[in-house]
Structures are given as structure tokens and as C-alpha cells.
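Visitor: Could we go through this model together? Please put it on screen.
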Amino acid sequence: MKYLPLLRMGVLFIFFSLAGVFPPGLAFGVESGGALENFLQKVEESSAAIDSFSCDFTQIKQLAIFAGPVEFSGQLSLRRPDKLRWEFVDPLPSVIVLNGNRGLKCTDRGPVTKFNLDGDPVMRMVASQLWAWSSGSYRELRDDFDFKLLPGPALVFSPRSKETASYIGRIKVVFDPDHLQPLEVEINEPGGDRTLLYFSNYRRNLALKDVLFSECRLR
Amino acid sequence: MISRSLIIKIVVLLVTLAGIYFSMRIELGEDALDMLPGTSLQGDFKLLQQLGMVNRIFISLELPSAPDPDPVPDSGLLASARALGEDLSLSPLFAEVFYQLPEGYQFRLAAELRQYLPVLADDGDLRRFEALMAPEVLREKLAEAFQALNSPAGLAMKRQIQGDPLGFTSVILEKLSTLRGALRLNIHDGFFISNDGRHCLIWAESAIPLTVSGNAVLVNQRLEEALARSLKERVTARIVGPLPHTLANAGTIRSDLARLLPVAIVALVTFLLLFLRDRRALLLVAIPFLAAPPAVALLAGFYGKVSAMALGFGIVLLGIGVDFAVHIYLGARGIHSTGKISGDLRGSLFMAFFTTIAVFAVLLLSSVAAHRQMALLGIIGLTWAFVLAWLLAPPLGAQSGVFTPNGPLFVKEMRLFGQGSHQRWLKLTIWLLLLAAGLSVWPSLRYNGDLRALDVPVQAVSDDERAFKGIWGGEGEQAFVVAVGREQDTVLNLNDRVYQTLARQEKSSGVQSLAVLLPGPDRQVENLARWREFQKTGLAGFERELRQAAIATGFTPAAFQPFLDWLESEPESLAPGDFLDGPLRPFIYSLFREFSEKGAIGKGESVETFLAATIVPDNPDNKAVLERLSSEIAGVTVLSNSRWRRQVEEDLKRDIVKLSTVAALLVIMICALFFRSPRPVLGVLAPVTSALAAMALFAAFTGGELNIMHALMGIMVIGLSVDYGIFMVRACLGGIDHRTLSAVSICAVSTLSGFGVLGFAEHPALHALGVTVLVGIGAAWPTALLVTPALLASSGNREEKP
């Protein structure tokens with residue numbers, strides 16, 4: 001299925017934007033199988049320590065078809081175990097809400113659309129991988145990607161199949177060395193297109209309002 | 001020296017054993033075609049079979065209603081649908097199972113539609129494309145594309161947006177709603193979901209004919225197992241289609257027969273024992289049943305495969321043969337206790353035999369295949385039954401001493417039945433009133449050609465069908481307009497003409513056609529010519545507009561070069577195969593079939609045949625256009641329940657009139673030949689006329705409808721009633737005899753007790769059979785005893801015998 005890699009890429013895209021649920025102080029080693037496993041293991045073990053968080057993000061798209069880099073900014077909110085809100089605020093507002101196996105999406109142009117993770121392959125994959133990851137399991141992603149641990153610390157994901165490689169060149173995640181939260185995500189496509197995500201201003205263990213995860217209202 | 005009697009017994013034994021042996025190897029058929037009158041109707045039904053409609057099973061999965069229904073389908077519902085679909089797909093009993101469109105079907109479909117868009121787009125579509133290309137709309141569309149590309153889903157949409165930023169493909173996608181027809185379904189992650197989100201539809205095609213009850217049981221068993229394994233908590237299933245009907249009919253018939261047959265047998269045996277008062281006599285009158293095995297074996301030899309329905313009813317019809325033995329037994333008793341059949345009785349028996357055979361021979365002219373098989377079985381069986389009764393009953397009776405002169409008689413009071421003037425006019429008046437009443441209601445009787453009239457009305461099946469229609473639509477009946485031919489192009493062109501004709505209708509909603517996805521080659525040529533014209537004139541200046549709009553909305557001027565390249569490329573034509581294996585296969589497969597069948601010429605050669613169907617609501621609004629399609633487009637057949645009903649009604653009416661007329665003429669001829677006087681002939685026919693009048697009156701009082709079963713059993717009642725008349729007339733002419741009265745009465749009551757029990761059957765066909773016999777014989781019997789002698793009263797007959 002040639003579109004699968006794209007869907008999986010979408011998974012990674014959101015996954016990395018949410019991966020900052022790790023406690024600080026984790027050590028990680030050099031680029032070796034043992035170090036990588038150790039790093040992943042620690043991330044998995046510590047992922048349950050944070051109940052909720054919110055952060056700001058900036059997305060920069062560098063596509064050949066765009067006249068120039070396009071910058072979008074917004075906020076990400078997450079409450080374990082299954083609530084997430086991805087919201088673009090500027091320049092074009094739009095929201096995606098995940099709540100259990102259901103979700104909402106909307107823009108400032110049209111009505112709110114409901115979806116079910118069982119009924120939407122893209123969002124299903126996003127959510128299942130996301131929650132699998134946040135609960136400490138990387139197995140599914142490792143079936144499709146080779147992992148590489150770099151100093152920084154950073155993780156680089158390279159697609160294993162040629163088919164996937166025709167859509168995704170490489171994904172690089174740079175972590176905050178103190179908190180092991182992603183600071184940057186860089187998705188490179190074979191044709192040279194690139195998507196960059198910068199996360200900042202993490203606020204952990206917040207009392208996030210229910211309405212964030214039940215309504216698609218634009219701010 | 002071997003005696004003649006022993007030789008006869010040995011021959012009978014051998015014939016019976018051979019009959020049992022060969023009848024055990026009989027191949028039974030349960031083809032519904034056998035029960036349909038007329039070849040045109042059978043052809044229609046065959047088309048439906050070829051289209052897979054007869055073997056289709058719809059499964060509607062359902063969650064209980066919630067106070068605040070969420071239109072998003074429940075995960076348990078979808079998981080159940082997936083599990084069930086996967087489970088059934090593994091079974092060889094199901095040829096096709098459609099439960100979910102393949103993952104990524106949207107992308108694949110969009111790509112396929114874009115590839116063939118030039119041949120799919122008609123004049124109206126091109127006008128919509130031009131509207132989308134207007135500068136202000138163009139900019140709005142590109143702004144939407146810009147936002148979509150910056151959303152989390154943007155990475156997956158980039159190529160699609162570059163190739164079709166204005167959504168030309170969506171214009172064609174909208175038209176694909178005609179593939180759904182009147183079905184109200186939404187596609188959710190490839191699943192077929194109802195508007196309220198509580199139901200999920202699966203449809204499958206059985207690999208074995210579901211009109212055969214054995215197959216239906218097998219398929220149902222596999223289905224039940226799969227449902228038990230697949231359905232999640234709270235999810236239930238409704239099964240709709242021919243399957244529940246076949247099961248309900250087979251189950252009801254089985255239950256009816258299990259319940260009523262013992263009653264009928266016990267009633268018959270008790271009655272015979274009560275009036276014959278001799279077990280040996282009971283065995284004697286049962287001799288004609290020995291005719292059944294060889295008759296069945298010969299029938300199988302003649303037809304190869306025998307309709308189960310014909311066999312079942314045919315064997316019941318052989319019960320008439322018992323009447324011969326009853327007459328021989330009662331005729332030989334006392335006076336001929338040595339086992340001789342008197343001359344008078346011989347004449348009566350021969351006449352009764354010839355008239356009965358004549359009536360069955362008339363049934364050979366029926367347009368219903370199963371009727372013809374029943375008739376042949378009846379002719380063979382009754383002939384052999386007659387021979388057996390003739391050869392075996394007298395010597396065996398004499399040998400066992402059952403022809404005692406002092407046995408009980410069913411009718412002892414002779415005064416009422418005599419030929420004297422005793423209440424003669426009263427009897428004749430009542431009879432004439434009955435005939436007048438029958439004649440008066442006859443014109444009001446309707447021939448109900450709806451085959452569903454013989455379908456068992458099971459509440460659960462009706463409830464499921466009603467609920468199914470409420471959920472998925474298609475409340476009314478549907479007509480199938482089928483284009484058939486050896487050439488695929490011809491069939492697609494015909495199908496296209498059908499769709500265009502329907503599309504011109506004012507009320508054309510609910511039409512299900514693949515013409516929008518697969519136009520005929522002629523239309524493809526037209527569309528291509530129009531597209532080329534659009535390329536020449538419609539695209540002038542568009543490239544500049546697009547580049548300017550791209551710049552204005554944040555794209556590079558060359559961002560949509562793939563779209564421009566596609567617009568200017570050479571378009572391709574398409575064939576069914578291009579889409580048949582694609583994501584829309586569930587819909588296309590329902591409407592387009594290619595299959596091989598043996599050619600008429602040459603052994604083993606097969607001929608390709610193509611079928612393309614359009615489904616149209618069969619309502620009064622479409623009646624005229626359906627008639628027009630049928631008459632104006634050669635190669636197109638309209639399969640419609642209302643049309644079938646009319647056709648069956650015409651065939652049935654023709655059959656009833658033709659068969660009754662021929663039967664009446666034959667019976668009159670035989671009687672005239674024997675009696676050479678009109679009054680005895682009238683006496684013979686009196687019970688027949690009473691039976692017909694009573695059956696007409698009963699039908700009028702119970703809804704006024706006649707169906708195939710009435711016609712069939714009506715013929716049988718005529719055959720029996722004639723015999724009563726013959727025996728009574730012969731008895732009257734020879735001086736009325738209480739033994740004849742008793743014999744006729746025993747025959748009538750045994751028939752009533754045997755068949756009449758079926759009047760209590762739940763199955764409409766068995767019920768119709770039972771009540772027809774009950775009413776017909778119920779009227780013919782007293783007429784034979786009371787009216788026939790009265791009609792002959794003044795003809796100077798001999799005195800009554802003591």
C-alpha cells in the first residue's frame with residue numbers, strides 16, 4: 001500500500017511533537033545498539049510520569065511548491081491517557097482534537113467534523129502509535145524504521161522499505177538534554193521538501209480543562 | 001407348474017423392488033424455475049440468477065439505540081463487521097463478501113478517476129469545471145489547498161493537490177452516488193454505515209444456489225457460526241435476502257408435514273379401519289401405493305432430475321389410486337366374494353381410470369415445469385396402481401376372505417340417495433343455486449401472480465425486511481433493466497442508453513447504474529471529442545490565470561504544473577476491467593457480469609456473455625419509462641416484480657382456462673363415448689361443477705385470489721369428482737347400490753381426511769392445497785350422492801337394488 005508510509009509519516013509527525021513526556025535527568029550513551037536500547041528503555045519507563053502538559057510550537061514548511069518557507073504556530077495540549085489537542089493559531093486557525101477513540105477537526109472555513117479513530121485510517125494510526133509510544137512501546141515504528149541515536153541527544157529515523165523511502169527521506173528529532181523532550185523535529189522528503197517543528201514553553205502536569213478535548217472551538 | 005397368480009405376484013415384487021432401487025438414486029432438484037410458468041419468466045429468473053441477485057445475502061449489523069445517537073460509528077460495530085467479513089471470506093460457501101473498501105481506497109479511486117476523467121466527464125461536468133476555473137473560485141480553491149498542505153495531513157495530500165487543485169475529480173465522485181441507487185449508506189473507513197451510525201452493512205454472494213433448501217441450511221449454519229465468533233457485545237445482526245425466505249419456507253413445510261402428516265395418516269387409517277373393520281381390507285386398499293416407487297423411478301429416467309416439489313405432490317396425487325382398490329373391495333364384497341370384478345364395476349373402473357388419466361394428461365400442457373412432472377408421475381403411477389388394484393386386489397381379497405357379505409357399510413340410509421322423487425327438486429335447486437353463486441363470483445376472482453403469495457409469512461423475516469428498508473432505504477420494489485449480449489461494447493452501449501433514458505425522466509431518483517463510471521464506448525467517444533474541444537478552447541488563458549492565482553495564494557507559479565500537464569495530455573478510454581478490480585468492485589460487481597456458458601453449437605465450446613444491470617424503483621412514476629425501455633431498446637430486458645406479476649397472472653389465467661377447457665372437453669368426450677346420452681354425462685359432471693363452484697365461492701370469500709396451487713389442485717379435484725360422478729351414474733343406470741354409495745363416500749372422506757388436514761398448514765402453498773381439496777371434494781361428494789341420482793331420476797332407470 002503505497003500511501004501507508006504517508007500515513008505513518010503523519011503518525012511520526014504528531015508523535016514527535018508529543019514525545020516530550022519524559023522526566024529530566026536521563027542519561028544516554030553513544031550511538032550503539034546497547035545505548036539506543038538503553039535510551040529507549042528509559043524513555044519508555046519514564047513516560048508515565050507526566051499526566052498532562054501543554055506547549056507552544058512553530059511549524060515551518062519548506063516545500064518546493066511554496067513561494068517561500070511557511071510558518072504556522074500554535075499550541076499542543078495533552079492529558080493522559082487519551083486526550084490531545086493540536087491547534088494552529090496563526091496565521092490560519094484550525095484544530096484537531098483526539099478524545100479516546102473519537103475526535104473532532106475544524107478550521108475557520110467550515111463546520112466541525114467528527115471522526116472515529118476506527119473510521120479514519122490516518123487518525124487511527126496517529127493515535128494508536130502515539131499512545132503506544134507514550135506508554136513506552138516503540139515496537140511498531142521499529143518495524144518500519146531504523147533508529148539511530150546521535151549526540152545532542154537526537155534520534156534519526158530512516159525508512160526500511162524503498163516504497164516508504166520514496167516519500168520519507170529521514171526524520172530527525174532533537175531532544176532537550178535536560179528533560180528529554182523534543183525541541184525540534186525535522187521531516188525530510190526525498191525531493192528536498194522539509195517540515196520543521198519547534199517546541200517550547202512546556203508546562204507539565206497542568207489541570208487542563210475538559211472543554212479543550214470535547215470542543216473544536218477556535219481560539 | 002407355477003400359477004398365474006404367483007407369476008403376477010413375483011412380477012409385482014420385482015417391479016416394486018426395482019422401483020425402490022432406482023428411486024433411491026433419484027437426483028432431486030429444488031430449482032425455483034420449475035415452479036415458474038412460461039419460458040419468458042424463466043428467462044427473467046435466470047438473468048437474476050446470473051446477476052447474483054438470487055444468491056445475495058445482506059447482513060445488517062446493529063447496535064441498540066442510544067438516547068443521544070452519535071453519528072460516529074461505534075468501534076465495536078466496525079470491529080464486528082471486519083471480523084465477520086474476514087470470517088465469511090475464508091469460507092468456500094461464499095463467492096464474494098463485501099464488508100469494507102480496501103485501505104486507501106480514496107487515494108486509489110481519486111487516481112483512477114483522474115486518469116479516466118476525460119471519458120467520464122459529460123457536458124454538464126465540463127461546465128462545472130469551467131465554473132471552478134473562474135478566477136475568483138480558482139483563488140479560493142488554492143487558498144484552501146494552501147491551508148490543507150500546512151495541516152498535519154498535508155504531507156499525504158501534496159501530490160493529490162498538485163495534480164488536481166480544483167477538485168475536478170470530486171465532480172465525478174459526486175456522480176458516483178448513482179452506484180448506490182436508493183441505498184442510504186455512508187462510507188466510513190471503507191465500511192458501509194447507516195445515516196444514524198448505528199448500523200453497518202455487509203453483503204455476500206453464496207457460491208451455491210440459495211433456492212435449494214439444503215444449500216440454504218448449509219450457508220446459514222456457516223453464517224451463524226461466523227456471527228457467533230465475530231459479533232462484539234451488544235451488536236446484533238439482521239439477515240435479509242432470499243436466504244431467510246428459503247429457510248422459513250423449508251422450515252415451515254417441514255414443521256407442517258411433521259405436525260400434519262401423522263394426523264392425516266392416523267385420521268385416514270382410523271377412518272378406514274372404522275368403516276372397513278378389517279385390517280386385511282386396509283392392506284388391500286393400500287395396494288395401489290406399491291405403484292409409487294416404479295413411477296418415481298420412471299419419472300427420473302424420463303427427466304433425469306426431478307423437481308422435489310413435483311415429487312412430493314405427485315406422490316400425494318397417487319393417493320387417488322386408492323379409490324380404485326376401494327371400489328374393487330366394496331364392489332366384490334358379498335356378491336362376488338370369490339374375488340371377481342363384476343361387469344358393471346369393470347366399466348366404471350375403466351371409465352374412472354380413463355377420465356383421471358385424461359385430466360392428468362391435460363396437466364402435461366401446463367406451462368409450469370413442475371406441473372408437467374407431476375402429471376407424468378400421476379399418469380405412470382395411476383396406470384400402474386390401476387393394474388395392481390385390478391390384478392391383485394380381487395384374488396388377494398378372496399384368498400384372505402375379506403369379501404364377507406355382512407361387513408359394515410358407510411351409507412345405509414338409501415332413501416335419501418335414491419333416484420325417486422324424494423326431495424328431488426330441493427336437491428336440484430340447492431345445486432343450481434350453488435352453481436349460480438359460483439358463476440356469479442367467478443368474474444370477480446383475481447389471478448394473483450405474485451409468487452410471494454406462496455411464501456410463508458414469517459413475522460421475524462418481515463420485521464427484518466421492514467427494519468432493513470427503514471435503515472438502508474429501498475422501501476419500494478425494484479426493477480432491473482438488464483442489457484445482455486455477446487459483445488461487451490454492445491452491452492455497455494445499451495446500458496448507457498438505458499441510463500440516459502432514465503436520466504431524462506423528471507423523477508429519476510433512486511436509479512442505480514454504472515453508466516456514470518463506465519459509459520458505453522459510443523458515449524466515451526462523444527465525451528472524448530467534447531474533452532478535446534475543451535482542451536482547445538476552454539484552456540485558453542487558463543495557464544496564466546492559474547499561475548497568477550498560485551502566486552497570490554503563496555505558491556510558486558509552477559506549483560501546479562502536474563495539473564496543467566494532465567489537462568493537456570492525451571486522454572485514455574477505459575474498459576470494465578479498469579474499475580472492476582478497483583476499490584468500487586462491490587458496487588460494480590453487482591451491476592456488471594461476464595460469464596461463460598455452453599454454446600448451442602459445438603461440444604464444449606463456451607460463449608462469453610455480458611450483463612449490465614440498472615436498478616430502478618418499480619413505482620407508478622417509472623412504469624411508463626420501464627415499458628418504453630423494454631419495447632424500444634432491443635437487447636434490454638426489464639425484470640420487474642410488477643411485470644412478473646402481470647406475466648404470471650396472464651400465464652396462470654391462460655393455463656387455468658386452457659387446462660380446464662381441455663379437461664372438460666376430454667371428460668365430456670369420454671363420458672359421451674361411454675354413455676351416448678346427455679343426461680348421464682350431466683350426472684357425471686354434476687360433482688365437478690359443484691366442486692368448481694364451491695372453490696370459486698371459497699376463494700371469493702377468502703380474498704378473491706387464485707394462485708398456482710389453486711390451479712394445480714383444482715385439476716386434481718376435477719379428476720376425483722369426475723370419478724364420483726361416473727361411479728354414481730353407472731350405479732344409477734344399473735340400479736343404485738349402497739356399495740357404490742359407500743365406496744364413493746369412503747373415497748371422498750379418505751381424501752378429505754388426508755388432504756383436508758393440510759388446510760391447517762401454516763405454509764400458504766400447503767394451506768391452499770388443503771383447502772382447495774377440502775372445499776372441492778366437500779362439495780363434489782354430496783353432489784355425487786344426492787344430485788347425480790336426482791338428475792337421472794326421470795330417465796327410466798332400473799329400480800334401486802336392496
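Visitor: What share of chain B contacts between residues at least 6 apart in sequence join residues at least 24 apart?
Guide: That share is 82%, a contact being two residues whose C-beta atoms, placed from the backbone, lie within 7 Å. This is a predicted model, in which local features need pLDDT of at least 70 and side-chain atom pairs count only at pLDDT 80 or more, while totals for chains, interfaces and linings use all residues. Residues are numbered from 1 along each chain as its sequence is written, with chains lettered from A and ligands numbered from 1 in the order in which they are written.

Visitor: How is chain B divided into domains?
Guide: An automatic or database domain assignment supplies the bounds: domain 1 (1–25 + 277–408), domain 2 (31–100 + 189–240), domain 3 (104–183 + 478–617) and domain 4 (262–273 + 412–458 + 637–802).

Visitor: How many residues make the contact between domain 3 of chain B and domain 4 of chain B?
Guide: Domain 3 of chain B gives five residues and domain 4 of chain B gives four residues.

Visitor: And how many helices and strands has chain B?
Guide: Chain B has 30 helices and 14 strands, counted as DSSP runs numbered from the N terminus (helices H or I, at least four residues; strands E, at least two).

Visitor: Turning to chain A, how do strand 1 and strand 2 pair?
Guide: Strand 1 (residues 52–62) of chain A runs antiparallel to strand 2 (residues 70–79) of chain A over 10 bridges, where pairing requires at least two DSSP bridges. A:Lys61 has A:Val70 in strand 2 of chain A as its bridge partner.
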